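Here is a friendly briefing to read alongside the structure. Please keep the viewer open as you go through the points.

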Amino acid sequence: MFRSGITRPEQTLLNKGLELSDNCYNNDATFIMIISPKIRGFICTTAHPDGCEAHVRQQVEYVQKQPPIEDCPKKVLVIGSSTGYGLASRIVPAFAGQADTLGVFFERQPNDRKSGSSGWYNSAAFESMAKDQGLYARSINGDAFSKEIKDQAIKEIKESMGQVDCVIYSLASPRRQDPDTGDIYKSCLKPIGTTYTQKTVNTDKAEVEEITIEPANEDEINQTVKVMGGEDWELWMNALSEAGVLAPSITTLAYSYIGPELTWSVYKDGTIGRAKIHLEESCRRINEKLASLEGRAFVSVNKAVVTQASSAIPVVPLYISVLFKKMKEEGIHEDCIEQIHRLFSDRLTSDPKLDSSNRIRIDDWEMREDIQQSVADTWENINTENLKELSDFEGYQKDFLKLFGFGLDGVNYDAETDPLREIDLVD
């Protein structure tokens with residue numbers, strides 16, 4: 001039902017971006033709205049519940065078309081489970097191995113004036129589809145860095161799952177509050193030691209431009225390590241172990257990225273890279289602690305994909321656009337769901353095929369010599385005028401919108417929809 005005194009087009013304009021001056025209900029007193037993308041730089045502040053559901057369903061259907069995964073984990077905890085690689089890490093064991101899953105995330109719940117976050121809608125859709133298959137699927141919404149959320153997860157595992165045989169750590173956050181001191185740490189994306197200048201793409205204007213980033217100081221480096229290093233992963237594994245909820249032969253993984261040399265100054269050799277070194281050191285300590293359970297811990301180095309986190313990293317969106325074009329031409333392009341399916345089916349076996357630093361590498365196709373040489377050659381010549389010709393920037397934009405439930409086939413984005421979606425949250 002529309003507010004009296006204004007026309008339908010005027011009402012639609014009010015609903016664009018969810019900037020509503022009044023609520024809008026149908027005759028059943030259900031809140032409805034037209035939801036459109038509202039993009040600010042690398043952030044979309046709206047999300048479409050039907051589109052997010054369609055996106056999750058696409059991923060579920062992909063997994064269901066693949067052969068079942070033998071020896072797939074059956075009780076899985078995913079920390080950071082609502083988008084990207086974390087979401088795929090719930091979908092794959094659930095639908096390829098009939099696993100029960102508990103997800104932990106920190107997402108915005110919808111209300112009668114705003115849509116929820118995409119992660120909320122993804123999780124609601126996943127839970128619904130998993131339960132249709134008779135699977136246990138519940139979620140915890142809160143700060144995964146806190147002791148309270150860890151305790152809540154442990155309590156739920158004891159009551160509903162007994163023990164978990166797989167823990168995935170896929171948390172991505174720009175800030176962290178220390179659970180002991182209460183101090184707030186903030187991460188940054190900066191080089192170390194020298195100023196970094198490189199090409200990037202202005203995603204709003206579709207223009208190739210140059211970006212210069214000043215080096216981080218010591219405090220910024222330390223804070224980034226605190227947020228994005230392995231400290232919290234280790235705290236989770238310690239808490240789960242002490243509570244007795246880790247099954248024998250437990251497997252735990254954290255996700256990482258290395259990328260090509262052209263991004264190393266801001267990534268591998270920058271503040272994030274320093275945090276990833278800490279992550280690998282934490283992995284070694286966790287491995288030692290899991291020895292009594294015959295468990296194992298891995299860092300999995302994954303391929304570059306379009307996620308909310310990767311979209312925020314300078315240079316990376318342009319690199320992804322160039323990379324995707326070549327990988328699609330070669331027929332080896334993978335998104336999150338294909339990557340994680342390959343991880344569970346091919347690498348989480350008795351022979352995980354580790355590199356010289358004991359990491360799982362499912363970025364192997366991205367880092368193939370011919371792929372990287374092609375990217376490097378294109379990088380030298382790409383500019384605003386030939387951006388669409390030399391890269392898959394259009395594909396990058398489509399993937400970005402899909403993160404928030406937009407641009408999915410079969411979804412009527414001109415229609416009104418109820419933004420409220422329920423999740424079976426653990427109390």
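Asn358 counts as exposed, because its relative accessibility is 53%, and a residue is called exposed over 50%. Please keep in mind that this is a predicted model.

- Asn358 is found in the loop between α11 and β13, and its phi is near 65 degrees, a positive value in a residue other than glycine.
- Lys353 also has its place in the loop between α11 and β13.
- The phi of Lys353 is near 60 degrees, again a positive value in a residue other than glycine.
- With a relative accessibility of 46%, Lys353 counts as partly exposed.

**The sheet**

- On to the next pair: β6 and β11 are joined in the parallel sense over five bridges, and Cys166 stands opposite Thr251 in β11.
- β11 (residues 246-256) in turn pairs with β12 (residues 296-301), in the parallel sense and over six bridges. In β12, Arg296 is the residue that Thr251 stands opposite.
- Why is β6 largely enclosed by the rest of the structure? Five of its six residues are buried, so the strand has the rest of the structure around it.
- In a regular strand, side chains alternate between the two faces of the sheet.

**Helices across the sheet**

- What is the volume of the second largest pocket? It is about 440 Å³.
- Of the 19 residues lining this pocket, His55, Gln58, Gln59, Asp335 and Ile337 are the closest to its centre.
- Two or more lining residues come from each of α2 (49-65), α3, α11 (336-347) and α14 (393-402).
- The element that gives the most to the lining is α2, with four residues.
- Sorted by class, the lining of the second largest pocket holds six nonpolar, eight polar and five charged residues.
- Rolling a probe the size of a water molecule over the atoms shows where empty space is left.

**Leu77 in β3**

- Leu77 lies in strand β3. Is this residue buried or exposed? Leu77 counts as buried, because its relative accessibility is 0%.
- Leaving aside neighbours within four places in sequence, Leu77 is in contact with Leu102, Val104, Ile157, Val164, Cys166, Val167, Ile168, Trp236 and Leu240.
- Leu77 and Glu53 are 24 residues apart in sequence, and their C-alpha atoms are 22 Å apart in space.

- Ser170 is found in the loop between β6 and β7 (175-177).
- Ser170 is buried, because its relative accessible area of 15% is under the 20% cut-off.
- Which residues does Ser170 contact, leaving aside its neighbours within four places in sequence? They are Ile79, Gly80, Tyr85, Gly86 and Tyr255.
- Ser170 and Ser89 are 81 residues apart in sequence and 8.8 Å apart in space, C-alpha to C-alpha.

**Lys326 in α10**

- Lys326 has its place in helix α10 (residues 316-330).
- The relative accessible area of Lys326 is 19%, so this lysine is classed as buried, with the cut-off being under 20%.
- Beyond its neighbours within four places in sequence, Lys326 is in contact with Ile371 and Ser374.

Methods:
Residues numbered from 1 in each chain as written. Predicted model: local features only at pLDDT ≥ 70, side-chain atom pairs only at ≥ 80, totals over all residues. Heavy atoms only, no water. Pairing = 2+ DSSP bridges. 1 Å grid on protein atoms, 1.4 Å probe; cavity = no way out; pocket = protein on both sides within 12 Å on 5 of 7 lines; lining within 4 Å. Points joined across faces, edges and corners; volume = space filled by probe spheres on them. Nonpolar A, V, L, I, M, F, W, Y, C, P; charged D, E, K, R; others polar. Buried < 20%, exposed > 50% of the residue type's maximum accessible area, 1.4 Å probe, protein only. Contact = heavy atoms within 4.5 Å.
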